[in-house]
Amino acid sequence: MRGALGGPRVLLRRLREVMAEPVSAQERLDKIVVLIAANMVAEVCSVYVLRVDSTLELYATEGLNKSAVHQTVLRSDEGLVGLVASEANPINLSDAQNHPAFSYRPETGEEIYHSFLGVPVLRAGNTLGVLVVQNRARRTYTEEEEEALQTTAMVLAETIASGELSAIAKPGAEPAARRPLHLTGLALNDGIALGHVVLHEPRVVITSFIADDVGKEVKRLESAVETMRSDLDVMLERGELSDGGEHRDVLEAYRMFAYDRGWVHRLEEAVATGLTAEAAVERVQSDTRARMLRATDPYLRERLHDLDELANRLMHHLLGKDYAPARDRLPENSILVARSMGPAALLDYDRKRLRGLVLEEGGPNSHVAIVARALGIAAIGKIDNATGVADPGDPIIVDGSTGDVHVRPSPDMEKAYVERVRLRARRQSQYLALRDKPCTTKDGQSIALMINAGLPVDLPHLEETGASGIGLFRTELQFMVAASFPRSAEQFSLYRAVLDAAGERPVTFRTLDIGGDKVLPFMRNLDEENPALGWRAIRLGLDRPGLLRSQIRALLRAAGGRDLNLMFPMIATVEEFDEARSLVERELTHLRRHGHKLPASVKVGTMVEVPSLLYQLDELLERVDFLSIGTNDLVQFFYAADRGNARVADRFDAISAPVLRALRVIVEKARAHDTPVTVCGELASRPLGALALVAIGYRALSLAPSAVGPVKAMLLALDAAKAAAFMIPLIEQPVGTVPIRDQLQKFAVEQGLQI
Ligand code: PEP
Ligand code: MG
C-alpha cells in the first residue's frame with residue numbers, strides 16, 4: 001500500500017489493542033480515527049453513524065474541525081457520505097468536489113480536501129454508518145487501500161452494533177444499529193406473540209477478528225474451502241439430501257459457487273488484509289447481503305441467497321460447528337426466525353416455549369405454515385432479510401393477524417401489543433363459551449364444523465374446539481416429521497389413537513399425499529422438473545401399490561368395529577378413483593379371509609383438488625361415497641400459481657368469481673346426487689371464506705382448529721338465506737367489476753358479522 005505505515009495488518013493489530021482498552025466509547029472512536037489516518041497517510045479520517053432518524057451523524061474525526069463532531073448531521077442521501085450509505089458501496093474519488101453528489105458543510109472545514117474514499121460500515125448486510133478518509137492532494141486510493149478500509153469498517157461495525165454508543169447519543173438520535181424495526185410480510189397463521197428472537201440457524205458469533213498469523217489463516221481458509229467442496233461433491237455424487245431437504249439443483253448451485261474463483265478470491269483477499277478466516281467470510285458475506293438487499297432481479301437474488309448459504313456452511317466448517325440449532329435449550333417465549341424451514345424442523349422445537357415464527361420465505365399453504373397452524377403459533381412469511389436484522393435475544397413482536405413484525409419494539413409499541421393480547425384472550429374466552437352450542441345459522445341452517453388434523457398434537461383440539469369430527473386427517477404428516485419410514489405398526493397405532501380420541505365423532509382419513517412440496521426427509525428426492533405436477537399422491541400410490549395397500553390395511557384394521565371414512569388425494573380421473581377403490585376392496589377381502597375384525601362401515605371418497613374432476617362430476621358422483629374439496633391445491637391448479645411460492649401466493653384470490661362458480665357447480669351436483677361434500681382447504685378456515693362457501697350452498701367445513709371459534713361466531717350471527725341471495729347473483733354477473741372479496745366484506749360489515 002502506497003505510503004502506508006506498516007500496512008493493513010499493522011493497522012488491524014493496533015485496532016485490536018484499541019478495541020480491548022477499557023476506555024469510553026467516544027475515546028475508542030477517537031483513537032480509531034487517529035490510527036486509521038496515520039496508517040493510511042490520510043489527513044482526514046471520520047466516522048459517521050447512521051441514526052434511528054435515518055440521518056448520519058459525525059461521531060469522530062481526525063482532520064476535520066473537532067467542533068463538528070456530534071454537530072454535523074447529514075440526511076441519509078446527502079452528499080458523498082449519504083451516497084455511500086444508501087448504496088452500501090465504497091466511493092473512491094481523486095477529486096470529490098467535482099462529483100455531483102458532493103455537498104459542503106462549512107463547520108467541518110473539508111473544502112481543502114480533494115480526494116475522498118468512503119466505505120459503508122456493514123453488518124449482516126445492513127448499513128450502520130460510513131467510514132471516510134480524505135487527502136488534500138488529488139490522489140487515487142489503491143484497491144488495496146479500499147480493501148483495507150472496508151476491513152477496518154467491519155471491525156468498527158462491531159463497536160456500533162454492540163450498542164455502547166447509545167450512551168453518548170441524544171435521545172431519539174441513537175445509532176440505528178439497534179433501532180426498532182417495523183417489517184411487514186405475509187401472515188401465515190393468526191396470533192400475536194411477544195417474545196425474544198431465536199435464530200433457527202444461529203449466526204456464528206465471531207470472537208476473534210484479527211489474525212495473529214496471516215499465513216495460518218490462509219491455510220485454515222484453504223482447508224475449510226476444500227472440505228466444503230468435497231462435502232458438496234460427495235452429497236451430489238450420492239444424490240442424497242442435506243439436512244435442510246435441499247434439492248439437487250440448489251446443491252449444484254452451491255457447488256458452482258464453491259468452485260467459483262471470484263468468490264474464493266474475495267475471501268483470500270480479505271484474509272490477506274489481516275482478518276481471521278472466519279472474519280473474512282463474514283466480511284464477504286456481509287457485502288454479499290448488502291448487494292442482495294438491493295438487487296431487484298429475482299434470479300440474481302436467489303443466486304446471492306445461495307452464496308449467503310454457502311458462506312454459512314464455510315463458517316461452520318471453519319469453526320467446526322454443525323447446524324444444530326438450540327432446540328433443547330429454547331428460552332421461554334421464543335420466536336423463531338429463519339430463512340426457510342421444513343415442517344419436521346419446526347416440530348423439533350419445544351412447543352411449550354415456542355410462541356412465533358418469522359420466515360424470509362414461505363407461502364401461506366407451505367407445510368411449515370400448516371404445522372405452525374397445528375401448533376397454534378403466530379407465523380409470518382416473506383420478511384426480507386429477517387435473519388440479518390434480528391439478533392438472538394432481541395425483543396420481537398409477531399402479529400399474525402396483519403403480517404407485522406416489530407423487532408426491538410419501542411416501549412409504546414410493546415404496551416399497545418400487551419393490550420391487544422389481553423383483548424384477544426378475552427375474545428378467546430368468548431369463543432370457548434360457544435364451544436358446546438350447536439353450529440346453526442340465524443335462519444336455522446345447521447353447519448357441520450370439523451377440524452383438520454394430522455399429528456398427535458392436533459387431537460386435543462377436538463375437545464377444545466367442540467368440533468363435530470375430523471374432516472381431514474393428513475396421514476402424510478406422520479411421514480413428513482419422522483426420521484425414518486413409519487412402519488405399518490406405527491401407522492396402525494396412530495390411526496387407532498386418532499379414532500380413540502374422536503370417539504363417536506367421525507374421522508376422514510386421507511391416504512398418503514406425498515411428493516410435490518411434501519418432501520419426506522428419508523426418501524430420495526425425485527429429480528422432477530415440475531414436482532407439483534409430477535409423480536405424487538395417488539399417482540405414486542397406484543404405481544407402487546405396496547405402500548398404499550399397507551396403509552389401507554393399517555386403516556382398516558385400526559377401525560375394526562368402527563366406522564371408517566377414507567379418501568384419496570389428487571385424484572384426476574374416475575379411472576384413478578376406481579383403481580384406488582379396488583385396492584380397498586382387495587384389502588377388505590384379505591382381512592375378511594384372515595378373520596380380522598372389520599370396520600362397521602367403510603365409506604370411500606375423494607379429494608377434489610385437480611380441476612379435471614369438474615368435468616367428470618356426474619361419473620365421479622356415481623362412484624364416491626363423499627367428496628372433500630381441497631381448495632389449496634384446487635386453486636393452485638386452477639390459477640396455475642404455486643401455492644408454496646411466496647412470490648405468486650397472494651396474486652390470485654380464491655374469493656373470486658371463477659373459483660366460486662366452480663365450487664358452486666360441485667355443491668349443486670353433489671346435492672343432486674345426495675352425496676355429502678365438505679370443504680377442507682384453508683379457504684374454509686377464514687371467516688370471509690367460510691361465509692362465501694355457506695352462501696353458495698356448503699353445509700360442512702373442515703377447518704384449522706384455531707379457526708373454529710371465529711368461523712363459528714360468524715356463522716351463528718349469519719342469515720344463510722340472505723347471504724345466498726346476495727352472493728349468487730354476484731358470482732353470476734360478468735367478472736371484472738368490483739372485486740367479490742370487497743363486496744362480500746361490505747356485506748359482512750352491514751350484517752354485523754365478525755370477519
Ligand atoms: C388442499 O389441497 O386444499 C388440502 C386440504 O390438502 P393439502 O393442503 O394437504 O394439500
Ligand atoms: Mg391438497
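Student: Which residues does Ser46 contact, leaving aside its neighbours within four places in sequence?

Tutor: Val33, Leu58, Ala60, Thr61, Leu64, Val130, Leu131 and Val132. Contact here means heavy atoms within 4.5 Å. Keep in mind that this is a predicted model: local features need pLDDT of at least 70, side-chain atom pairs count only at pLDDT 80 or more, and totals for chains, interfaces and linings use all residues. Residues are numbered from 1 along each chain as its sequence is written, chains are lettered from A and ligands numbered from 1 in the order written, and side-chain values use heavy atoms, without hydrogens or water.

Student: Why is Ser46 called buried?

Tutor: Its relative accessible area is 0%. Buried means under 20%, exposed over 50%, and partly exposed in between, with a 1.4 Å probe and protein chains only. So 0% makes Ser46 buried.

Student: What makes the Ser46 and Thr61 side chains a polar contact?

Tutor: They are joined at 3.0 Å. A polar contact is a pair of N or O atoms within 3.5 Å; within protein, one must be able to donate a hydrogen and the other to accept it, and residues adjacent in sequence count only if both atoms are side-chain atoms. The value of 3.0 Å is within that limit.

Student: Where does Ser46 sit?

Tutor: In strand β1, residues 44–50. Strands (E, at least two residues) and helices (H or I, at least four) are DSSP runs, numbered from the N terminus.

Student: How do you know whether Thr288 is buried or exposed?

Tutor: Its relative accessibility is 3%, so Thr288 counts as buried. Thr288 lies in helix α8, residues 277–294. Its side chain reaches the backbone oxygen of Val284 at 2.6 Å.

Student: What is worth noting about the phi of Val41?

Tutor: Phi is near 50 degrees, a positive value in a residue other than glycine. Most residues other than glycine have a negative phi. Val41 sits in the loop between α2 (25–39) and β1. At 39% relative accessibility, Val41 counts as partly exposed.

Student: And where is Ala537, and is it buried or exposed?

Tutor: Ala537 is in helix α17, residues 537–543. At 3% relative accessibility, Ala537 counts as buried. Its phi is also positive, near 50 degrees.

Student: What makes a set of residues the largest nonpolar core, and which members touch the most others?

Tutor: A nonpolar core is a set of buried Ala, Val, Leu, Ile, Met, Phe, Trp, Tyr and Cys residues joined through side-chain atoms within 4.5 Å. The largest has 94 residues; Leu663, Leu691, Tyr698, Leu701 and Met727 touch the most other members. Helix α23 (residues 657–673) gives the most to this core, with eight residues. Apart from this core lies another, of 70 residues, among them Leu117, Tyr141, Leu165 and Val264.

Student: Which residues come nearest to ligand 1?

Tutor: Of the 15 around it, Arg474, Arg510, Gly630, Asn632 and Arg643 come nearest.

Student: How much of ligand 1 does the protein bury?

Tutor: Taken alone, ligand 1 exposes 290 Å², and the protein buries 100% of that. Accessible areas come from the Shrake-Rupley method with a 1.4 Å probe; for residues, only the protein chains shown count as cover.

Student: What classes of residue make up the shell around ligand 1?

Tutor: Three nonpolar, four polar and eight charged. Ala, Val, Leu, Ile, Met, Phe, Trp, Tyr, Cys and Pro count as nonpolar, Asp, Glu, Lys and Arg as charged, and the others, Gly among them, as polar. The largest share of the shell, three residues, comes from α21.

Note on methods. Near = heavy atom within 4 Å.
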